[in-house]
Amino acid sequence: MALAVALIYFVLITVLSIVQSRRSVKSAKDFTKAGDGMSWLLVTFSFVLVPLGSGHTLSLWETATSGIGASAIWWAVGAGAIFLPLMMLWLGPWVRDTRLNTMPEIIEKMFGRGLGSLHAAFQTMTWTGIGISETIATGTAIYGLTGGHLNLKWCVCIAIVLMLVYVLFGGVLQMAFLNVINSCVLLAGAYIALGFIGTYLAANYFGWTGIQEVYAGMGGAWDSLKDTLMPLREQLGLVEMSPVMLTNTDMGNKDLWLNVIIPVVVLHTSAGAVSQSMNNTFFAAKDNHACRKGVFLGCGLNVLSCVPWVIMALVGMTIPTVLQAGGAEVSKTVVPLLAMEALPAPILGLLMISLLAACLSTGGSILMGNGMVIASDVIKRPWKPDMSDKAFMILLRVCIVVMAVVLLIGALNMAVVFPVFLWCFSFGIPVFVVYLCGMIWKASKSAAWITVVVTYIVNIYWTFWTPSWATGPWALNMYIVSILSVVLGVVLTLILPGTPGLRTKKYAQLHPAEAIPRT
C-alpha cells in the first residue's frame with residue numbers, strides 16, 4: 001500500500017514535468033530563468049524547499065540521535081528565521097538586479113574571470129558534496145517505502161533517477177510548480193505521521209510520557225524496556241541516553257550557541273548567498289517584489305517542516321525493534337524504521353513521500369545549479385560564447401545528467417552525512433565576505449584573491465589536520481575560517497586598490513549603462 005501511494009506520486013510528478021516542459025520551455029532562458037517571470041508565490045515555495053533537503057531531515061535526525069538531542073532543531077530555526085529573511089529581502093533581490101545568469105558570472109564581474117572560474121570550480125565541488133547527501137536521503141525515503149526489502153544502494157539508484165525527472169524536462173519553472181505541491185505534501189505527511197506515532201506510543205509505550213521516562217531512566221516505560229534496550233544500545237556503540245536529549249533547547253546554553261546556533265546561521269547564510277543552487281529562484285523572479293512578498297510565509301513553512309523529524313528520531317531510538325533492525329546504520333535509518341514499525345501503510349507512504357518532497361527539491365536544485373555553472377561558466381562563456389540557444393540547451397541537459405552520475409557514485413560510497421555540510425558550506429564564507437564588499441563597498445581583485453586562497457588553504461588544513469590545541473568550538477573549521485575571512489577581506493579591501501562596489505552611487509556614475517538599481 002505504501003509503495004502504491006508512492007507510485008502515484010512518482011507518476012504525478014513525471015506527468016506534470018513533461019506537461020510543464022511542453023507548455024513553457026521554448027528557450028534556454030525559459031529553462032534556466034523561467035523567462036524572468038516567476039510570481040511571488042512560486043518564488044516563495046520554490047526557495048523555501050531548496051534549503052530543506054537532507055540538511056533538515058536526514059542530517060537533522062542523525063545529528064539529534066548522536067547526542068545533541070532536541071537542540072538540533074536550532075539548525076532549522078537558524079535557517080528559517082535568519083537565513084531566509086536575509087535571502088528573500090536583500091541578497092536574493094541583489095542577485096536579480098545584476099541581470100546576469102550565474103553566481104560565478106557575478107563574481108567575475110566584480111573580480112575578474114580568474115576568481116569567477118575558481119568560484120565556479122569550488123562551488124561545483126562543494127555542492128556536489130551536498131548533492132550526495134540529498135541523494136542518500138532520497139534513497140533512505142525509498143528504502144522506507146519498500147518496507148526495507150530493497151537494498152539501500154538500489155534505493156539510491158532510484159533516487160537519482162527521480163531527481164533527474166524533477167529537473168530535466170522543464171527546468172526552474174518545473175521545479176517551482178512541483179515545489180508548491182511538495183510543500184503541502186511535506187507538512188501534511190510529517191505532522192499526520194507524528195499524530196499516528198503518538199497513538200502507537202499510547203498503545204505500546206505509555207505515550208509521549210513514556211518516551212520521557214525512558215530518557216530519564218525512570219518510570220514504567222523505562223522499567224519495561226531497560227533490559228532489552230540498554231544491551232542493544234551498548235552493542236551498537238550509541239551515546240548514553242539522557243533527559244537532556246529531549247529538553248536541551250535552552251537559549252542560555254553557551255555550548256548550544258557555540259556548537260549549533262552560530263555555526264548554522266553563519267554557514268547557511270554564507271554558503272547559500274553565493275551558491276547557484278540557492279539563487280536559481282531569484283535569477284528567475286519576475287521582479288524584486290516577487291522575491292520579498294512571501295518572506296513571512298516562507299519562514300514559517302521552513303521552521304515548521306523540520307520539527308517532526310527530530311521528534312520521530314528521538315522516539316525511534318527508544319524502540320528496541322527499531323534498533324535491532326537498524327544495526328550500525330540506525331541513526332541514518334531510524335525514522336523510516338520507526339515509520340515501518342508504528343504507521344499504517346498509507347501513512348507510511350505519505351511520510352516517506354514527505355521526505356522525498358524535501359530531498360527532491362534540494363537535490364534537483366543542486367543538479368540544476370551545478371549543471372548551469374558547468375555549462376555556462378566552465379564551457380560556454382570561456383570557450384564558445386557564440387553557442388546557439390539550441391546547442392546550449394543540449395549542453396545544459398548533458399551537464400545535468402553528468403552531475404547526476406557523479407552524485408550517484410558518491411552516494412553509493414559515502415558513509416556519513418552531517419560532516420559534509422560543515423566542510424562544504426565553510427568554503428562559501430570567504431567568497432561571501434568579498435562578495436559583500438564588492439556589492440556595497442569596493443571590489444578589490446587583489447584583496448579577494450588573497451582572502452579566498454589563504455582561507456581555503458587554512459580551511460582544508462583545519463578540517464583534516466586540526467591543531468591539537470583547537471578544542472571545543474575551535475575544533476570547528478567554521479570559526480577560524482570566519483575570523484580569517486572577515487579580517488583579511490575587510491582589511492585588505494581597505495588598503496588595496498579597487499573599483500566602486502556594484503551597488504554604490506559611484507559605480508552608477510561611472511557606468512550608467514550597467515548601473516544596478518538600489519532596490
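This is a predicted model: local features need pLDDT of at least 70, side-chain atom pairs count only at pLDDT 80 or more; totals for chains, interfaces and linings use all residues.
Residues are numbered from 1 along each chain as its sequence is written, and side-chain values use heavy atoms, with hydrogens and water left out.

Let's begin with helix α19, which covers residues 330-342. The helix names come from DSSP runs (H or I, at least four residues), numbered from the N terminus. Look for Pro336, because that's where α19 bends by about 35 degrees; the bend is the angle between axes fitted to the seven residues ending at a residue and the seven starting there. This helix is mostly covered, with 10 of its 13 residues buried. Buried here means under 20% relative accessible area, exposed means over 50%, and partly exposed is in between (1.4 Å probe, protein chains only). Pro336 itself is among the buried ones, and so are Lys332 and Thr333.

A search of the whole structure turns up seven cavities of 30 Å³ or more. A cavity is a set of points on a 1 Å grid over the protein atoms alone where a 1.4 Å probe fits but cannot get out, and lining residues have an atom within 4 Å of a point. Grid points are joined across faces, edges and corners, and a volume is the space filled by probe spheres set on the points. The largest cavity holds about 100 Å³ of space. Its lining has 14 residues, and His119, Gln123, Thr126, Phe427 and Gly428 lie nearest the centre. The top contributor is α7, with five residues. By type, the lining splits into nine nonpolar, five polar and no charged residues. For that count, Ala, Val, Leu, Ile, Met, Phe, Trp, Tyr, Cys and Pro are nonpolar, Asp, Glu, Lys and Arg are charged, and the others, Gly among them, are polar.

Stay in α7 for a moment and find Thr124. Thr124 counts as buried because its relative accessibility is 11%. Leaving aside neighbours within four places in sequence, Thr124 is in contact (heavy atoms within 4.5 Å) with His119, Asn370, Val373, Ile374 and Met403.

Now for two serines in loops. Ser54 sits between α3 (40-49) and α4 (58-68), and it's buried because its relative accessible area is 0%. Its C-alpha atom is 8.5 Å from that of Leu355, even though the two are 301 residues apart along the chain. Ser305 is in the loop between α16 (295-304) and α17 (307-316), and its 4% relative accessible area makes it buried too. A polar atom of the Ser305 side chain lies 2.9 Å from the backbone oxygen of Asn302. Not counting residues up to four places away in sequence, Ser305 touches Leu52, Leu186 and Leu187.

Finally, check out some backbone angles. Arg99 has a positive phi of about 65 degrees although it isn't a glycine. You'll find Arg99 in the loop between α5 (73-97) and α6 (103-111), where it is exposed, with a relative accessible area of 53%. Phe206, also not a glycine, has a positive phi near 65 degrees, and Phe206 lies in the loop between α9 (171-204) and α10 (207-216).

Conventions
On a 1 Å grid over the protein atoms alone, a cavity is a set of points where a 1.4 Å probe fits but cannot get out, and a pocket is an open set with protein on both sides within 12 Å along at least five of seven lines; lining residues have an atom within 4 Å of a point. A polar contact is a pair of N or O atoms within 3.5 Å; within protein, one must be able to donate a hydrogen and the other to accept it, and residues adjacent in sequence count only if both atoms are side-chain atoms.
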